[in-house]
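I opened a notebook page for a structure that is new to me. The entries below record what I looked up, in the order I took things.

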Amino acid sequence: MRVDTTGKISLDHIYTRPDPRSYFSTLRELDYNIPELAKPHFSRLITEYRDAYGTAAPSVLDIGCSYGINAALLKYDATMAQLYDRYSGPDAQGQTRGTLLARDRELVRSGEPANHVRFLGLDASDNALSYAIEAGFLDGAVHADLEDGEPTDTQRQQLAETDLVISTGCLGYVTEKTISRIIEAHGTRRPWMAHFVLRMFPFAPIAECLAGAGYRTVRRDGFFRQRRFATPEEQSLVLDRLSDVGVDPQGLETGGWLYAQLYISRPG
Ligand SMILES: C[S@@+](CC[C@H](N)C(=O)[O-])C[C@H]1O[C@@H](n2cnc3c(N)ncnc32)[C@H](O)[C@@H]1O
């Protein structure tokens, strides 16, 4: 398996397919579960935001939203186990993109939203975003790589309307460049932020960028299992990287899993 410059295996090929089957069948093998672990934390923050500002249906921006996974979990109360079954269970290969979408739209239609929120997804994968919009998981999409360039005027306006910014499995690849472009798009407003970030990616540059914009960042207690290492080679390269950035892997990554931490940033 190919590894990228960080030592992690490259999974780029599963982010750009027309439907989520490769994504879920590949990540199932690795027990990828961070969106499920993140769900109660994001849910609590949305409630706190609603209570603090009296916003009935806050608008959430999900950076690296892929096929709308956090939206499906938070807005429609899906679970990762259900999504794994839906897209990589016994009948998944007999489905088409159209029949998968029909089943997803039924999920969206059938239930009262679990959380009254609007979801805007930002991702570099057009195919993933199109799927999430057609399924009804996302209310809006921004197809952009803000590491690489400024948002268009329309995208800036979409970003500016969001109240909370969240991410799972994306920061590290997405850096303070993207975060600062999102903040700039908001003008003087400051959306709350909650990011789950692998321990191999130092959060300090992002925290500094946020501090410069008037945010106070708090790391929540706890380590969150993101997924298993794909190969002993990947584990060894990531252990090297952790050592390079001064993180002690004993009792955590040495046990075979990649771990993330949760950072919450609010205007302070
Ligand atoms: C590991 S997936 C995480 C997806 C989802 N958040 C989850 O936890 O299941 C990473 C996502 O980040 C997106 N991504 C990577 N680099 C990006 C960039 N520079 N700008 C926007 N999205 C990016 C990929 O297309 C992919 O959908």
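Entry one, the model. I noted before anything else that this is a predicted model.

Entry two, aromatic pairs. I searched the whole structure and got 14 aromatic pairs. I looked up one of them, F42 with F196, and found it edge-to-face. The ring centres are 5.4 Å apart, and the planes make an angle of 85°. I then checked where the two residues lie. F42 belongs to helix α2 (residues 34-53) and F196 to strand β5 (residues 192-198), so this pair ties together parts that are 154 residues apart in sequence.

Are F42 and F196 buried or exposed? The relative accessibility of F42 is 1%, and F42 counts as buried. F196 is buried too, with a relative accessible area of 1%. The cut-off for buried is under 20%.

I followed the ring pairs and wrote down a cluster made of Y15, Y23, F24, Y67, Y84, Y87 and Y131.

Which ring does the charged end of R199 sit over? I found the ring of F223, with the charged end 5.2 Å from its centre. I also looked up R266, whose charged end sits over the ring of W192 at 4.5 Å from the ring centre.

I took helix α8 (residues 176-185) and helix α9 (residues 204-212) and looked at their axes, which come within 9 Å and cross at roughly 20°. Angles under 35 degrees count as roughly parallel, and α8 and α9 are therefore roughly parallel to each other. The crossing of α8 past α9 is right-handed. I listed the residues that make the contact: α8 supplies E176, I179, S180 and I183, and α9 supplies P205, I206, C209 and L210.

Where is P267 found? I located P267 in strand β8 (residues 257-267). Its relative accessibility is 34%, and P267 counts as partly exposed. Leaving aside neighbours within four places in sequence, I found P267 in contact with R190, W192, G214 and Y215. W192 had already come up in my notes as the ring under the charged end of R266. Last, I looked up the separation of P267 from C65. The two residues are 202 residues apart along the chain, and their C-alpha atoms are separated by 24 Å.

Key:
Residues are numbered from 1 along each chain as its sequence is written. This is a predicted model: local features need pLDDT of at least 70, side-chain atom pairs count only at pLDDT 80 or more; totals for chains, interfaces and linings use all residues. Side-chain values use heavy atoms; hydrogens and water are left out. Rings of Phe, Tyr and Trp (its six-membered ring) pair if their centres lie within 6.5 Å; planes under 30 degrees apart count as stacked, over 60 as edge-to-face and the rest as tilted. Helices (H or I, at least four residues) and strands (E, at least two) are DSSP runs, numbered from the N terminus. Buried means under 20% relative accessible area, exposed over 50%, partly exposed in between (1.4 Å probe, protein chains only). A charge sits over a ring if NZ of Lys or CZ of Arg is within 6 Å of the ring centre and within 35 degrees of the ring normal. Axes are lines fitted to C-alpha atoms, for helices over the stretch in contact, and angles run from 0 to 180 degrees between N-to-C directions. Angles under 35 degrees count as roughly parallel, over 145 as roughly antiparallel, 65 to 115 as roughly perpendicular and the rest as oblique. A crossing is left-handed if the near helix is turned anticlockwise from the far one by less than a right angle, and right-handed if clockwise. Contact means heavy atoms within 4.5 Å.
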